[in-house]
Amino acid sequence: MKFGNTIKLLFLSNLCAVDAFVPSHRGTSAFGVASASNTALQAATKDDLLAARDMIDKILYEKACGPIMVRLAWHDSGTFDKNVKGEWPAAGGAVGSIRFEPEINHGANAGLRNAIKLLEPVKEAFPALSYADIFQMASCRAIETSGGPKIGVKYGRVDATSPEQCSPEGNLPDAEPGQDGKYGGPGGTASTESTEPEGHLRKVFYRMGFNDEEIVALSGAHTFGRAYADRSGLGKEKTKFTDGSMKQPRADGTDAPYTPGGSSWTEKFLLFDNSYFVVLDDPNADEELLKLSSDRAVFKDEGFRPFAEKFRDSQDAFFESYAKAHKKLSELGSKFEPPEGITLD
C-alpha cells in the first residue's frame with residue numbers, strides 16, 4: 001500500500017473543527033464506546049432517524065464538516081468486494097467497521113477519527129441507531145444540504161460488532177502512482193495494480209459492482225472538499241482559495257466557518273455542484289486548483305469521457321447519476337433490519 005496517495009474520491013476532505021485524537025482500544029470502537037450491534041438494542045424507529053437527522057444537520061451547519069463526513073461514509077462502504085463469499089460481513093461495505101482498529105488506522109483513513117468523534121453525540125442520543133446508519137446519514141445529508149441532489153437512502157443497517165470483522169487494508173483507490181510507477185497494489189481482497197489510473201479505478205470500482213458512468217459520477221464528488229498533505233500526501237499546505245482569505249458560502253448563501261489549509265478542486269469547496277467537471281476540462285483553470293491523475297482520467301479515458309462531458313454540460317444530468325451511484329455505494333454489503341430497510345421521505 002502506498003500511504004499518502006490512497007483516496008476514495010472525495011476522501012481527501014475538509015477538516016472539521018475537531019483536531020484531537022482519542023486513544024483507541026482493541027475490542028471497542030476507536031473511541032472506547034461499547035461495540036454492540038444495533039441488533040442487541042431496541043430497534044431503531046423512524047422517529048429516531050428523523051431526530052438524528054436534525055442533529056446531524058446542525059453539526060454539518062455549525063462545523064462546515066460535510067466533506068469529511070462523505071469521506072468517512074465512503075471509506076466505510078468502499079471496502080466492499082462483491083466476489084468475497086462467506087457469512088456477513090465478510091465482503092465488507094457499509095457496516096460501521098471503520099470505527100474499529102485496525103481499520104481506522106489504515107493509511108487511507110488518516111483524520112477520520114475526527115469525523116467519528118463529531119458523530120458520537122448522535123450515537124449517544126440515539127443508541128438504537130447503528131454507526132453504519134449514522135455514518136451514511138451524515139454523508140447523504142452533507143451532499144443534500146450543500147446544494148446537491150436528494151439521495152433516496154434507506155436505513156436500518158446492522159453494525160459489525162468486532163475488530164475481527166474489519167476489512168483488510170488496500171481496497172481503496174490511489175490518486176497518484178507510487179514510486180514503482182503503479183497505482184494500487186496486491187493488498188486488500190484483490191490486486192488493484194495498474195500502470196494507468198483508469199485501469200486502477202476500474203479494478204477498484206468494478207470490484208464493488210460499479211460501471212463507468214457510476215465511477216465518473218462518484219468522481220464528481222471532488223467538487224466538495226479539500227486534499228491535505230498530512231493525510232494523503234497530496235495537495236499544498238494552503239492555496240489562495242483555502243488560506244482563509246476567501247469566504248466560503250453555504251448553500252443558503254451564508255458564510256461557512258472553516259479551518260484554512262489544503263488544496264481544493266474547486267473555488268467554492270463547500271458547495272456541491274458540477275464545477276469539478278468544468279474545472280477539469282478547462283485548460284485555463286487556476287493552477288492552484290487540484291487536478292490529480294485519477295481526476296484527469298475521467299476526460300482522458302475513452303470510456304469515461306462521454307460521461308464527464310455530459311456532467312460538465314449538465315448539472316441536472318450529473319445530479320441524477322450521482323444520486324443513484326451514492327445510494328448504491330451507501331448500501332454495499334449492508335444488512336438491514338427490517339430487511340426492506342426504513343425510508344424517511
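Among contacts in the protein chain between residues at least 6 apart in sequence, what percentage join residues at least 24 apart? The share is 75%, where a contact means heavy atoms within 4.5 Å.

Before you click, two notes. This is a predicted model, where local features need pLDDT of at least 70, side-chain atom pairs count only at pLDDT 80 or more, and totals for chains, interfaces and linings use all residues. Residues are numbered from 1 along each chain as its sequence is written, and side-chain values use heavy atoms, with hydrogens and water left out.

**Select the whole chain.** Color by secondary structure. You will find eleven helices and two strands. These are DSSP runs, numbered from the N terminus: helices are H or I with at least four residues, strands E with at least two. From the N terminus, read the order α-α-α-α-α-α-β-α-β-α-α-α-α.

**Show the surface.** The chain exposes about 13,200 Å², by the Shrake-Rupley method with a 1.4 Å probe. Carbon and sulfur atoms supply 50% of that area. Of the 345 residues, 60% count as buried, meaning under 20% relative accessible area.

**Select residues 46-63 and 112-125.** These are helices α1 and α3. Their axes, lines fitted to C-alpha atoms over the stretch in contact, lie 10 Å apart at an angle of about 160°. The two helices are therefore roughly antiparallel, the label for angles over 145 degrees.

**Show the side chains between them.** On α1, pick A52, M55, I56, I59 and K63. They meet L118, L119, P121, V122 and A125 on α3. This contact has nine nonpolar residues, no polar ones and one charged. Here Ala, Val, Leu, Ile, Met, Phe, Trp, Tyr, Cys and Pro count as nonpolar, Asp, Glu, Lys and Arg as charged, and the others, Gly among them, as polar.

Conventions:
Buried < 20%, exposed > 50% of the residue type's maximum accessible area, 1.4 Å probe, protein only. Axes fitted to C-alpha atoms, helices over the stretch in contact; angles between N-to-C directions. Parallel < 35°, antiparallel > 145°, perpendicular 65-115°, else oblique.
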